[in-house]
Amino acid sequence: MDNYKNNNDHNNNNTENREDDEDKDKIEEYNEKNDNIVMKENYNVNNIEHLNINNSQDRQQCNNNKTTTTTTTTTTTTTSILNSTNLKEPQNINENANNVGENNNNNNNNNNSNNPIPVSDELILTVDVGTTNLRAIIFDRNLTIISKSIQTIPLMTDDNKPGYIEQDPDRLWEACKDAMKEAIASSPAKHNIKMVKSIGITNQRSSFLTWRRDTGRPIHNLITWQDGRSGEICKNANNSLAVKGIHGATKFVHLFTGKPRYLAASQLDFSTAHSSTRLAWVLENLPEAKKAAKEEQMLFGTIDTWLLWNLTGGKEHATDYSNVSATGLFDPFEMKLNSVVFYLFNIPTHIMPKIHDTSHHFGDCIPELFGHSIPITALCGDQQSAMFGECCFTEGDTKLTIGTGCFVNINTGSQARASRFGMYPLVGWKIKNDITYLMEGKGMSAGTAIDWAQSFGMFNDPWETSAMASSVPHSQGVVFVPAFTGLAPPHNDPRARGLIIGMSPSTKKEHVVRALLESFGYRCKELIDAIHTDAYQPIRRVVADGGVCQNDFVMQFISDICGIQIDRAAHPEMTASGVCMLAGLEVGIWKNKEELASLRHSSKIFESKMNKDLKRKLFKRWERAVKRSMYWSENSFAGEGGADDGYLDSDEERKLRNDHLQQTNNINVPTSQPPSPKIIATSPTITKSSPNPIPNKNN
C-alpha cells in the first residue's frame, strides 16, 4: 500500500504527457502479453449458463480450449471472450467494441496508428452471481471484456430435508472477493487500481439470507430461489379466507376501475418462488431468527444486499428496485413495500434494506480490499440487467433468455401491467425519474431438463444435442414436456410433472433429444401468445441471450414456431454488460441510453420459415401432451413430501427397508439354479425390486 502511494506521489510530479505515455506503455505491454483473445473457459455441465450446444465440430474446438478445474478452483481469463460458435474469432470481439482494432496482432502492429487503443483507462468491474457460479468481469468503455474470473458456488442439499436448496453465504462472500481480486490482477488495473471507476453487481433474484446487524454474522444459510421448504405455508395461505377475500374484493373493484393493480391482486397466489413465503418460514421455524427480529437486530437481504454489506464493511444495508420487486414483498404499482404481504406473514418491516435507484451511488468498498475505495454504483437483478444489456429501452421490446431457466420479458414502458395468465410485473430499472417496467413469464428449468437427459445417457455432452436433433427430419411424433417441478404461466399448475409421449419401437434417442430441444420453443410460444392475448402493447422486436440460445437449432425452431424474427446478441455476457452500463451511467462514462445502444451488436438474425399449417399441427400436438402432464402429482409443490414424489421421511424409509429385508430373507433359492433377483411379494402380483427399493429424489 505504501509503495502504491509513493508511486502516485511520483506520478503527480510528472507532466501530463508523461502520464499518458506511461499508461499507453502499460496497455501495449498488456496486449502483447495476451495476444490470444479467444477465451479458454471451463465448461460446467451442471450450470447451463455456459451451455453452447452446437455441432460436434464446434464442440471439438471448445474442448481444445477447455481448462481443467476442481469444484473450488477459479478460472481466470484476460482480454477474454466467450467461446461460442458465433464468437470464436478475434475480430468478432472488436466488432462489439465499436471496431476498436481488428485483432490483437493488428493492435500490436498498429500502436503508432491513429486508431484508438483497445483498452481505455476507464474500467468497470462487475460481479455476476448466477445459480452455481460467480463471475467477476472487467469491461472498458466499449464493453470489451478485459479480464474475467470465475468461482464455483455449490448448492447444498440434504436428502433428509427434501426441497431444501441452500448456499453458504460466507463461501459466497469469499468467492466474490477472490474473483474480484483475480480479475483486477489480470487487467491493466493491476498497476493502477484507480483505472477501475466503479463496481456493478447483478445476481440471481429471490435468493436471500438474514443476518445480525450487531455482529454481521448470518443467521442461516442462503436460501435459494429454487428452495421449496415453504410449500405448506403457500398452500395454507392460498386456501385462507384472507386471500380468498382479497381475490373476491379486488375482482369486484377491477370490474369498475379497470386498474391493473386490482387485476394483479385478484390473481394473488403465493408460491415457493417468492422470497416472502420462505422468509415467513424462517421467522416461524428458526429461534435465532425470532430472537434477532424481536431485538431489532435482524437484517434481510438478497444476494446484492449481502455483498454490498460486506464490500462496504457493514456500512450499507440497501438494495435496488429491480431486486426487491422480484421478492414478492414489493408492490410495483405503488412503488413501495406491500403492506398486505407483511401483515399476512407477520414480517417486521424494520428488517428490510433501503431501496434506491438501480443506477445509484450505494457506497464505497473499503480500501483494505483492493488498495483503493471504489464506488459501487449499480445493483440489478439478473433478468433486468440482461434486458438493459440488450438495449431493450423501448416499449414492446422483448427478450428471451434460456439458460438455467427460461424467461420471457417484455418492456411495458412507464406503466406496471397485470396479466390474466399469471405473468407478473417487475421494475426493470429506475434511473432518477426514469422508471421502466417489465412483464415477466418464466418457463421451465432448461438446465434441469438438459442435465436429466444427459444423466440418462441420451448424450455424453450437451454440445452434441444440436447435431443429434438435426440428424432426424422430425421428432417422429415424440413430445417432451419438461414439467419437472410443475408448469408455469400460462398453465400455472404446480402439480404437473415431466412427460415423454408418442414413442414407438422405431423411436431413437435422436428423436427424444429433438423433442427436448423443441420443448423450449413451445414454452416460449406459450408465453409470447400470452403477451399477445393480454394486448397491452404489440411486441416490437425480440432479442435472445443465454447459453441455450447459442444453439442454432433451438433458435431457429423458436423463430419458426412463434412466427417471429429473433435477434441473437453478439456479446457473450449480456447480464454483466447490462449492470456495467448502469454503473457507467452513474459515474459519467456514458451520458445516456442512446450512446449505449450503439454498443449492442447482433451475431445472427433468425427468420421464421415454417408454414402455418405445420406450425398449427405441431403446437396442437404439444397442447395435447401438456394436458396429459397436468394434475399428476398429489402435492402442489415439488419437494413438499408424499410418496408420489419419491420423498419419504426417515420412519417410512426405515419401515420399508425392514419389511424388505424380512420378506427377502424368507425366500429360499434352490442351489441348482442361478441366484434370482431379490423380490418383494405382493398380492396378487409379484414385483421385482432393485437392491435399493427406496425411491431417489434425483430420479
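Trainee: How many helices and strands does the secondary structure of the protein come to?

Mentor: This is a predicted model, in which local features need pLDDT of at least 70, side-chain atom pairs count only at pLDDT 80 or more, and totals for chains, interfaces and linings use all residues. Residues are numbered from 1 along each chain as its sequence is written, and side-chain values use heavy atoms, with hydrogens and water left out. Helices (H or I, at least four residues) and strands (E, at least two) are DSSP runs, numbered from the N terminus. The secondary structure comes to 24 helices and 27 strands.

Trainee: Is helix α19 roughly parallel or oblique to helix α20?

Mentor: Axes are lines fitted to C-alpha atoms, for helices over the stretch in contact, and angles run from 0 to 180 degrees between N-to-C directions. Helix α19 (residues 509-534) and helix α20 (residues 552-562) pack at about 45°, with axes 9 Å apart. That angle makes α19, relative to α20, oblique (under 35 degrees is roughly parallel, over 145 roughly antiparallel, 65 to 115 roughly perpendicular, the rest oblique).

Trainee: How many residues of α20 are buried?

Mentor: Buried means under 20% relative accessible area, exposed over 50%, and partly exposed in between (1.4 Å probe, protein chains only). In α20, the buried residues include F553, F557 and I561. Of the eleven residues of α20, the number buried is ten.

Trainee: Which residue caps the N-terminal end of α20?

Mentor: The cap involves the backbone nitrogen of F553. A side-chain oxygen lies 2.8 Å from that nitrogen, and the residue that provides this cap is N551.

Note on methods
Polar contact = N/O pair within 3.5 Å; in protein donor to acceptor, adjacent residues only side chain to side chain.
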